[in-house]
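Here are my notes for your next look at this model.

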Amino acid sequence: MSCIADSNSRDVALNRPPVSPLRGESIAAAAPRFDVETVQETGSTNSDLLLRVRQAQPARPLLRAALRQTAGRGRHGRRWFAGAGGALLFSLAVPMKADGGRLAAATLACGVGAAEALRAAGAPLSLKWPNDLLIGERKLGGVLCELATDGDDRRTLVVGIGVNLHLDAATRDSIGQPAAALDETAVPAAQREGLIGSIANGVLEALQLYDEQGFVPLQPRFMALFAQRDRLVDLLELGTRVASGRALGVDGEGRLLLETAQGLRVCSSGELSLRVVR
Ligand code: ATP
């Protein structure tokens, strides 16, 4: 377990309430299949683990959690915002066997594992294709999957997870879309370490199933959580609408099935973002 310098003194200087450090040993007890490390602050836990697994694939799954990120990332260079101690922020590095092509729906698999774990903890979670965790129509969290290969061609998937515990006004303003936090639900948001452990366990189970059998066994689990089923949606590619239609669900490869005026369209997640029209 590693710890970088404590930054609570800076919180006091900035007039922010100090946040208690994450207890790595409690996360490790809740997620025994991972090697666990915690830091007070880092740029991005995904970036940290990507650097490491490019050097060498880890022998066991790794979990790195931070109280705060200074450069949290979403897809395509978008920012991930979190106030001090206001979110669960962690990344998993999971050695994979399948080739890159088979990994296309890994984000959806991770979303299923994370959403099921949060539902078991009491949150009324659903999923927005391809990578958002929702409460109602609001975004509670996100999943960012990045694949890395080491010098011996061994693949490791790095899975970044951000889940809001509570949202201050400044963070809500930065996010720029409706967002939700666990402290609005029945989930005991104070039990950060236990929640990180259960989400990590859920993601690992789903990911290993995906690595062995592909997305087919996870497809019904995704459908049970899919928030936009039968809704009219737009698909945006880097902000521009590229398709509109009724979201039917996902296929056995995790691709979105969209009923459009021109017929059925099958859409891979790639650069696409989904927006509900009504
Ligand atoms: P979208 O969520 O806009 O459909 P996306 O799923 O591709 O697109 P991501 O790249 O996963 O989005 O996440 C980045 C976006 O998430 C940001 O542009 C911002 O709108 C939103 N966001 C950033 N921080 C948070 C947060 N703490 N809670 C909820 N949403 C956030």
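1. Pro130 is found in the loop between β4 (125–128) and β5 (132–135); strands here are DSSP runs (E, at least two residues) and helices likewise (H or I, at least four), numbered from the N terminus. The peptide bond between Trp129 and Pro130 is cis, with omega at about -5°.

2. A word on the ground rules: this is a predicted model, where local features need pLDDT of at least 70, side-chain atom pairs count only at pLDDT 80 or more, and totals for chains, interfaces and linings use all residues. Residues are numbered from 1 along each chain as its sequence is written, and side-chain values use heavy atoms, leaving out hydrogens and water.

3. His76 also deserves a glance: its phi is near 50°, a positive value in a residue other than glycine. His76 belongs to the loop between β2 (62–69) and β3. Most residues other than glycine have a negative phi, and most peptide bonds are trans.

4. Now the ligand. Around it are 16 residues, of which Arg75, Arg78, Phe81, Lys128 and Lys139 come nearest (a residue is near if one of its heavy atoms lies within 4 Å). This shell divides into seven charged, five polar and four nonpolar residues, with Asp, Glu, Lys and Arg counted as charged, Ala, Val, Leu, Ile, Met, Phe, Trp, Tyr, Cys and Pro as nonpolar, and the others, Gly among them, as polar.

5. Which polar contacts (pairs of N or O atoms within 3.5 Å) might you check? A ligand nitrogen is 2.7 Å from a polar backbone atom of Phe81.

Definitions and conventions
Polar contact = N/O pair within 3.5 Å; in protein donor to acceptor, adjacent residues only side chain to side chain.
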